[in-house]
Amino acid sequence: MEELLQVGVITQTHGIRGEVKVFPTTDDAARFQELKQVLLDTGKEKLSLEIESVKFFKQFVILKFRGYDNINDIERYKRCPLLVEREHAVPLEEDEYFITDMIGMKVVTDKGEEFGVLKDVMTTGANDVYVIEHPEAGEVLIPAIKECVLDVDVSGGQMKIHVMDGLI
């Protein structure tokens with residue numbers, strides 16, 4: 001399991017005083033108000049940044065980090081992900097999982113047949129959709145609803161599904 005979870009990506013600077021516009025990759029953007037620090041993944045290293053202020057603008061979060069007081073200090077971090085340690089992640093409710101823990105999971109049917117491997121999770125308005133790589137049918141889209149997804153065993157790396165008529 002990944003110990004670092006992505007909560008957002010810096011998209012661009014905001015103003016000239018060191019603020020950045022962040023696209024949240026978490027279900028709950030309001031969680032940034034509770035965060036005290038994040039890890040900035042530069043690709044070469046992970047920098048611990050203390051959050052000084054949080055604002056919201058449309059679908060973005062505007063963050064100001066302590067010690068980064070002008071646009072020149074922060075501009076080089078555009079497109080860099082912001083991470084948190086798993087222990088600082090939002091607690092999950094029943095039947096909720098971190099996507100990073102699910103990718104690569106083996107998928108089997110309720111009849112015990114191997115179905116494929118979970119490759120991606122698409123978030124939609126109504127429910128998530130699981131993208132499963134099937135050995136013969138290619139990509140198969142399975143809605144993340146109780147009628148289709150019967151069991152998810154993160155520690156065992158396996159998902160059990162019921163293949164409804166018309167899904168393949």
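Visitor: How many bridges join S3 to S4?
Guide: This is a predicted model. In it, S3 and S4 run antiparallel. Asp41 stands opposite Lys46 in S4. The bridges joining S3 to S4 number 5.

Visitor: In what order do the strands of the barrel close?
Guide: The barrel has 6 strands, and their pairing is antiparallel. Neighbouring strands are turned against each other by 50° on average, direction ignored. The closing order is S1-S2-S5-S4-S3-S6.

Visitor: Which residues touch the most other members of the largest nonpolar core?
Guide: This core holds 22 residues. Strands S1 (4-14), S2 (19-24), S3 (37-41), S4 (46-57), S5 (60-65) and S6 (81-85) each give two or more residues to the core. In soluble globular proteins, nonpolar side chains tend to be buried together. Here the members that touch the most others are Leu63, Phe65 and Leu82.

Visitor: Which residues does Leu82 touch, leaving out those up to four places away in sequence?
Guide: Leu82 is one of the core members that touch the most others. Its contacts include Leu63 and Phe65.

Visitor: What separation do the C-alpha atoms of Arg86 and Leu4 have?
Guide: Arg86 lies in the loop between S6 and helix H2 (99-102). Arg86 counts as buried because its relative accessibility is 19%, and the cut-off is under 20%. Arg86 and Leu4 are 82 residues apart along the chain. Their C-alpha separation is 5.7 Å.

Visitor: Is Glu34 buried or exposed?
Guide: Glu34 lies in the loop between S2 and S3. From His162, 128 residues away in sequence, Glu34 is 39 Å apart in space, C-alpha to C-alpha. The relative accessible area of Glu34 is 63%, and the cut-off is over 50%, so Glu34 is exposed.

Visitor: Which strands stand at the edges of the open sheet?
Guide: The open sheet has 6 strands in the order S10-S9-S8-S7-S12-S11, with mixed pairing. Neighbouring strands are turned by 35° against each other on average, direction ignored. Each edge strand has a single partner strand, so one side is left without a neighbour in the sheet. Those strands are S10 (138-143) and S11 (149-153).

Visitor: Which residue in S8 does Val108 stand opposite?
Guide: S7 and strand S8 (residues 114-122) pair over 3 bridges. The sense is antiparallel. Opposite Val108 stands Glu114.

Visitor: Is Thr109 buried or exposed?
Guide: Thr109 lies in strand S7 (residues 106-109). Not counting residues up to four places away in sequence, Thr109 touches Phe115, Lys160, Ile161 and Val163. Its relative accessible area is 7%, and the cut-off is under 20%, so Thr109 is buried.

Visitor: Which residue in the turn between S11 and S12 has a positive phi?
Guide: S11 and strand S12 (residues 158-161) pair in the antiparallel sense over 4 bridges. Val152 has Met159 in S12 as its bridge partner. The hairpin leaves 4 residues between the strands. The turn residue with a positive phi, about 70°, is Gly157.

Visitor: The side chain of His134 reaches the backbone nitrogen of which residue?
Guide: His134 sits in strand S9 (residues 129-134). His134 is buried, at 13% relative accessible area. Leaving out residues up to four places away in sequence, His134 touches Phe115 and Val140. At 3.0 Å, its side chain reaches the backbone nitrogen of Ala137.

Visitor: How many disulfides does a search of the whole structure find?
Guide: A disulfide is a covalent bond between the sulfur atoms of two cysteines. Cys80 is buried, with a relative accessible area of 8%. Cys148 is buried as well, at 0% relative accessibility. Across the whole structure, the number of disulfides found is 0.

Note on methods. Residues numbered from 1 in each chain as written. Predicted model: local features only at pLDDT ≥ 70, side-chain atom pairs only at ≥ 80, totals over all residues. Heavy atoms only, no water. Core = buried A, V, L, I, M, F, W, Y, C linked by side-chain atoms within 4.5 Å. Buried < 20%, exposed > 50% of the residue type's maximum accessible area, 1.4 Å probe, protein only. Contact = heavy atoms within 4.5 Å. Pairing = 2+ DSSP bridges. Axes fitted to C-alpha atoms, helices over the stretch in contact; angles between N-to-C directions. Disulfide = S-S within 2.5 Å. Polar contact = N/O pair within 3.5 Å; in protein donor to acceptor, adjacent residues only side chain to side chain.
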